[in-house]
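Try each task before reading its solution.

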Amino acid sequence: MKKIWIFALTAFTSWPVFASDLVRESSIGMELARDLATEAILACRADGYSVSAVVVDRHGNQRVALRDDVASKFTLQIAEEKANAALMSGINSGTFREQRADIRPEMNHVNGILMMVGGVPITVGGSRVGAMGVSGAPGGERDEVCVMTALDKLADRIAFAE
């Protein structure tokens, strides 16, 4: 009986030492990522623009990449790099571009980052779970409107994910 108590005491007192061995985190799921990208493309299409939309997870891994029928293939790369800029900074890529003009030239040389308007972080419950970038409309401001339209349209699902 004494051995059981010693084991139990050891197990419970050593738990905090190992508590940081595992990290639990949230990241955007495939279905939400797919639906956000689709809604962004449809929003731009409604305004007459053919674009690409890319959603990345919290680590910058591509979850979904969609290119509208006649959007240039280059819009996929640009959209992903805008999403990465928003993910890294935690703010819209255009705001980051404005606020950090001092490092913008250097940041544009970082592989996978592009300091252009059109990338928006996706936040659930105060935690960044991913980001979306859109490219192909005439001007990044129009790209960003399509991202925001998609986020607004699926706001209930994003809030529910909390």
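A disulfide is a covalent bond between the sulfur atoms of two cysteines. Here, a pair of cysteine sulfur atoms counts as a disulfide when the atoms are within 2.5 Å. Keep in mind that this is a predicted model.

**Exercise 1. The disulfide**

Find which cysteines a disulfide joins, and say what parts the pair ties together.

Solution. 
- Step 1. Apply the cut-off: the count comes to one disulfide.
- Step 2. Name the partners. Cysteine 44 is joined to cysteine 146, with an S to S distance of 2.0 Å.
- Step 3. The link of cysteine 44 and cysteine 146 has 110 degrees about the S-S bond and is right-handed.
- Step 4. Cysteine 44 lies in helix α2 (residues 30-46) and cysteine 146 in helix α6 (residues 140-153), so the pair ties together parts that are 102 residues apart in sequence.
- Step 5. Check the surroundings. Buried means under 20% relative accessible area. Cysteine 44 has 0%, so cysteine 44 is buried. Cysteine 146 has 1%, so cysteine 146 is buried.

**Exercise 2. Helix α6**

Solution. 
- Step 1. List the buried residues of α6: Gly140, Asp143, Glu144, Cys146, Val147, Ala150 and Leu151.
- Step 2. Look down the axis of α6.
- Step 3. Recall the helix geometry. An α-helix has 3.6 residues a turn, so residues three or four places apart point the same way.
- Step 4. Turn to the face away from the buried side of α6. That face carries the exposed residues Glu141, Asp152 and Lys153.
- Step 5. Find the cover. The buried residues of α6 are covered by elements including α2, α3 (74-89) and β4.

**Exercise 3. Strand β1**

Which way do the residues of β1 point, and how does β1 pair with β2 and with β4?

Solution. 
- Step 1. Sort the side chains. Ser52, Val54 and Val56 point one way from β1, while Ala53, Val55 and Asp57 point the other way. All of these are buried.
- Step 2. Pair β1 with β2 (residues 62-67). The two are antiparallel, over five bridges. Four residues lie between β1 and β2 in their hairpin.
- Step 3. Pair β1 with β4 (residues 127-135). They run antiparallel, joined by six bridges.
- Step 4. Follow serine 52. It stands opposite arginine 67 in β2 and opposite serine 135 in β4.

Technical notes. Residues are numbered from 1 along each chain as its sequence is written. This is a predicted model: local features need pLDDT of at least 70, side-chain atom pairs count only at pLDDT 80 or more; totals for chains, interfaces and linings use all residues. Side-chain values use heavy atoms; hydrogens and water are left out. Buried means under 20% relative accessible area, exposed over 50%, partly exposed in between (1.4 Å probe, protein chains only). Two strands pair if DSSP finds at least two bridges between them. Contact means heavy atoms within 4.5 Å.
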